[in-house]
Amino acid sequence: MKMQRRAWAWKVAAVAAAAWVGSAGVLAQPAYPSRPVTLVVPFPPGGSSDTIGRAIAPKLGEKLGQPVVIDNRPGGGTAVAAGYVARSAPDGYTLLIGSGSMLTLNPAVRKDLPYDSVKSFEQIGMLSRAGMVLLAGKDAPFSTVAQVQAAAKKAPGQLPYASFGAGTASHFTAEIAWLALGVQLLHVPYKGSAPMLTDLIGGQLPLAMDTVVTAAPQIKAGKVKAIAVASPKRLPTLPQVPTFAEAGFPDVVLESWGTVMAPRGLPAAVHAKLEKALMETMADPGVRKALADQGVEAVVGPAKQADALLERELPLMRAVAARAPHERRLTAPARPQAVTGGVVRPAERPAPAAPRPAPACPPAPARVRSTPRRSGCVRRGRE
């Protein structure tokens, strides 16, 4: 009996000790956040999303009590960054700048995405809204929507235009414009606004669709021409630039919007803290002015507002894609192209040099077959 009682006492003591250690571990866990938070940007430095991310990061870090670090992960029309965050731990330390490109446009045209717009993420809150603008190179032979339409009709499918990524807001805005104008252009996708604008300024491209955020400084510097904005009315940042509606195409309206997201499955307390910190950041006068100076409207809105926006726009973008069946083909990589007079042509490659004949060897005796020699000559004999 004594042995049984001792064994039972040891078991009770062991269970109690384990419970104490477990509760101590829970109590010892540091409050969120206990280390820096990463904000993933789906484009390279210099683009609209990067500008917005760097504008809000200091204040958001201040509200959270830990630094917010920008991590640029461009590529795949935002799919690289979105796939990375979708696979990350839902602990609140990896956030993502989401957009209409990522959440509604990509799913409308692509079946191979490494994420699901609804199932992979949970919205933290609203971030921004910005207009889109059709640009032309400084020396391009058109300055109005009508001139672009006329040039495209002269060479169907040959006049190139650039976007900052296949399936992005710039891509879809342009396609909506071409549908309205009744023309078809050749899509040249880039990995972000910065490299696209570099080629547009350098004369390698005649046309591009970009956000006002990135394009405004180049427009004001006279490096590119602004043809029209895809907004309901003229923008305060570019009051001299007409809308597509003024050119006779009122259906060409699509604005770029942004949200902050996290991998789905955040602890409720972590989500609540992030949502509160983000809304306070977007309401901060300094942040709002910094974004306004870049042509971006700061939006203060909770997670449910971002969810409602996604629910409304996803079917709309699928409908746009259905009206433009060629859209799916435009996402395929194109052959290298050369732009001549505003028309894209296959890049010329030098003809391959003719192979040099091997030097002949001295005459061989009869009945010797042709055999290669180490010297590189070819023995030519007769059988």
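Q: Why is Leu 127 called buried?
A: The relative accessible area of Leu 127 is 1%. Buried means under 20%, exposed means over 50%, and partly exposed is in between, with a 1.4 Å probe and protein chains only. The value of 1% falls under the 20% limit, so Leu 127 is buried.

Q: What kind of model do these values come from?
A: This is a predicted model, in which local features need pLDDT of at least 70 and side-chain atom pairs count only at pLDDT 80 or more, while totals for chains, interfaces and linings use all residues. Residues are numbered from 1 along each chain as its sequence is written, and side-chain values use heavy atoms, with hydrogens and water left out.

Q: Where is Leu 127, and what makes a stretch a strand?
A: Leu 127 is in strand 4, residues 121–130. Strands are DSSP runs of E with at least two residues, helices are runs of H or I with at least four, and both are numbered from the N terminus. By that rule the protein has twelve helices and 13 strands.

Q: Which residues does Leu 127 touch, and what counts as touching?
A: Contact means heavy atoms within 4.5 Å. Residues up to four places away in sequence are not counted here. Leu 127 then touches, among others, Ile 52, Ile 56, Leu 278, Met 282 and Ala 298.

Q: How far apart are Leu 127 and Val 296?
A: They are 169 residues apart in sequence. In space, their C-alpha atoms are 9.9 Å apart.

Q: How do you know that Ala 298 is buried?
A: Its relative accessible area is 7%, so Ala 298 counts as buried. Ala 298 lies in strand 11, residues 296–298. Leaving aside neighbours within four places, Ala 298 is in contact with Leu 127, Met 282, Arg 288 and Leu 291. Ala 298 and Met 126 are 172 residues apart in sequence, with C-alpha atoms 8.6 Å apart.

Q: What makes Leu 309 count as buried?
A: Leu 309 has 10% relative accessibility, which puts it in the buried class. Leu 309 is found in helix 11, residues 303–323. Beyond neighbours within four places, Leu 309 is in contact with Met 126 and Trp 257. Its C-alpha is 9.5 Å from that of Met 126, 183 residues away in sequence.

Q: Why is Gly 61 called buried?
A: Gly 61 has a relative accessible area of 8%, so it is buried. Gly 61 lies in helix 2. Setting aside neighbours within four places, Gly 61 is in contact with Gln 66 and Val 68.

Q: Why is helix 2 called oblique to helix 9?
A: Helix 2 (residues 48–64) and helix 9 (residues 268–283) pack at about 130 degrees, with axes 9 Å apart. Axes are lines fitted to C-alpha atoms, for helices over the stretch in contact, and angles run from 0 to 180 degrees between N-to-C directions. Under 35 degrees is roughly parallel, over 145 roughly antiparallel, 65 to 115 roughly perpendicular, and the rest oblique. The angle is among the rest, so helix 2 is oblique to helix 9.

Q: Which residues make that contact, and what classes do they have?
A: Helix 2 supplies Ile 56, Lys 59, Leu 60, Lys 63 and Leu 64. Among those from helix 9 are Lys 273, Leu 274, Ala 277 and Leu 278. The contact has seven nonpolar, one polar and four charged residues. Ala, Val, Leu, Ile, Met, Phe, Trp, Tyr, Cys and Pro count as nonpolar, Asp, Glu, Lys and Arg as charged, and the others, Gly among them, as polar.

Q: How do you know that Thr 78 is buried, and what is its phi?
A: Thr 78 has a relative accessible area of 0%, so it is buried. Its phi is near 85 degrees, a positive value in a residue other than glycine. Thr 78 sits in the loop between strand 2 (68–72) and helix 3.

Q: Which residues of helix 3 are buried, and what do they pack against?
A: In helix 3 (residues 79–86), Ala 79, Ala 81, Ala 82, Gly 83 and Val 85 are buried. The buried residues pack against several elements, including strand 1 (37–41), strand 3 (94–99) and strand 4.

Q: What kind of peptide bond joins Tyr 32 and Pro 33?
A: A cis peptide bond, with omega about -10 degrees. Pro 33 is in the loop between helix 1 (2–28) and strand 1.

Q: How many of the residues are buried overall?
A: Buried residues make up 48% of the 383 residues.
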